[in-house]
Amino acid sequence: MKNGVLKLYLFYCSNSLNAEELSQCRDELKNHQLKVIGLPCSGKLDIPYLVKAFETGADGVVIVTCELGQCRHLEGNMRAEKRAEAVDSLLDEIGAGTGRIAAIHVEEGRIEQTIGEIRKFCARINQAKPATAAQER
């Protein structure tokens, strides 16, 4: 992490963000190194993909899912949230700390609220003690 610039991975459900909303997210996070990965459903996101993001030096991972109860694939957003919690627990076990991964549920037409939550997440990571991997870069 250099000068508050974070390396972030943003995984998103293609059913939760349209092109305009995704562009807004990119614009708001332009001060950070951002890798954006679209998914057919957030439930397709497996633990190894999340861990790999941290192995490649991510300071934080954000998973943007559709609103709870609104998943087209029934429980994809709930699966994504549980996997985020599992990876958060793994990070804690290896001494990297918790709170470096977040599942954020976007409500239809409320992209500003989602972007606000992502900004808060970035601020928490900036305030937290940097992870060992981030210090080595």
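Predicted model: local features only at pLDDT ≥ 70, side-chain atom pairs only at ≥ 80, totals over all residues.
## Nonpolar cores

The largest nonpolar core comprises 19 residues, and those touching the most other members are Leu10, Leu17, Val62, Val64 and Ile118. At least two residues of this core come from each of the following elements: strand E1 (7-13), helix H1 (19-28), strand E3 (60-66), strand E4 (101-106) and helix H4 (111-127). The greatest contribution is that of H4, which provides 6 residues. As a general background, nonpolar side chains in soluble globular proteins tend to be buried together.

Once residues up to four places away in sequence are set aside, leucine 10 touches Leu29, Leu34, Lys35, Val36, Ile37, Val62, Val64 and Ile118. Of these neighbours, Val62, Val64 and Ile118 are also listed with Leu10 among the residues that touch the most other members of the largest core.

## Valine 64

Valine 64 belongs to strand E3. Its relative accessible area is 0%, and the residue is therefore buried. Apart from residues up to four places away in sequence, valine 64 touches Leu10, Phe11, Tyr12, Cys13, Ser16, Leu17, Ile104, Val106, Thr114 and Ile118.

Along the chain, valine 64 and serine 14 are separated by 50 residues, yet their C-alpha atoms are 9.3 Å apart in space.

## Packing of H2 and H3

Two packed helices are described by the angle between their axes and the distance between the axes. For helix H2 (residues 47-55) and helix H3 (residues 76-93), the angle is about 45° and the axes are 10 Å apart. The two helices are therefore oblique to each other. H2 passes H3 in a right-handed crossing.

On the H2 side, the contact is formed by Ile47, Leu50, Val51 and Phe54, and on the H3 side by Arg83, Ala84, Ala86, Val87, Leu90 and Leu91. By residue class, the contact of H2 with H3 contains 9 nonpolar residues, 1 charged residue and no polar residue.

Serine 89 also lies in helix H3. Its relative accessibility is 39%, so serine 89 counts as partly exposed. Serine 89 and glycine 99 are 10 residues apart in sequence, with a C-alpha to C-alpha separation of 9.4 Å.

## Packing of H1 and H4

The axes of H1 and H4 cross at roughly 30° and come within 10 Å. The crossing in which H1 passes H4 is right-handed.

In this pair, Glu21, Gln24, Cys25 and Glu28 of H1 meet Ile111, Glu112, Ile115, Ile118 and Arg119 of H4. The residues of the contact divide into 4 nonpolar, 4 charged and 1 polar.

## Two buried loop residues

Histidine 32 is found in the loop between H1 and strand E2 (33-39). With a relative accessibility of 18%, under the 20% limit, histidine 32 therefore counts as buried. Neighbours within four places in sequence aside, histidine 32 is in contact with Gly4, Val5, Leu6, Leu8, Cys122 and Asn126. Of these, Leu8 falls in strand E1 (7-13), and Cys122 and Asn126 fall in helix H4 (111-127).

Cysteine 71 is placed in the loop between E3 and H3. Its relative accessibility is 11%, so cysteine 71 also counts as buried. Beyond its neighbours within four places in sequence, cysteine 71 is in contact with Cys41, Cys66, Gly76 and Asn77. The C-alpha atoms of cysteine 71 and cysteine 13 are 9.6 Å apart, although 58 residues separate the two along the chain.

Key. Residues numbered from 1 in each chain as written. Heavy atoms only, no water. Core = buried A, V, L, I, M, F, W, Y, C linked by side-chain atoms within 4.5 Å. Buried < 20%, exposed > 50% of the residue type's maximum accessible area, 1.4 Å probe, protein only. Helix = DSSP H or I, 4+ residues; strand = E, 2+ residues; numbered from the N terminus. Contact = heavy atoms within 4.5 Å. Axes fitted to C-alpha atoms, helices over the stretch in contact; angles between N-to-C directions. Parallel < 35°, antiparallel > 145°, perpendicular 65-115°, else oblique. Left-handed = near helix turned anticlockwise from the far one by under 90°. Nonpolar A, V, L, I, M, F, W, Y, C, P; charged D, E, K, R; others polar.
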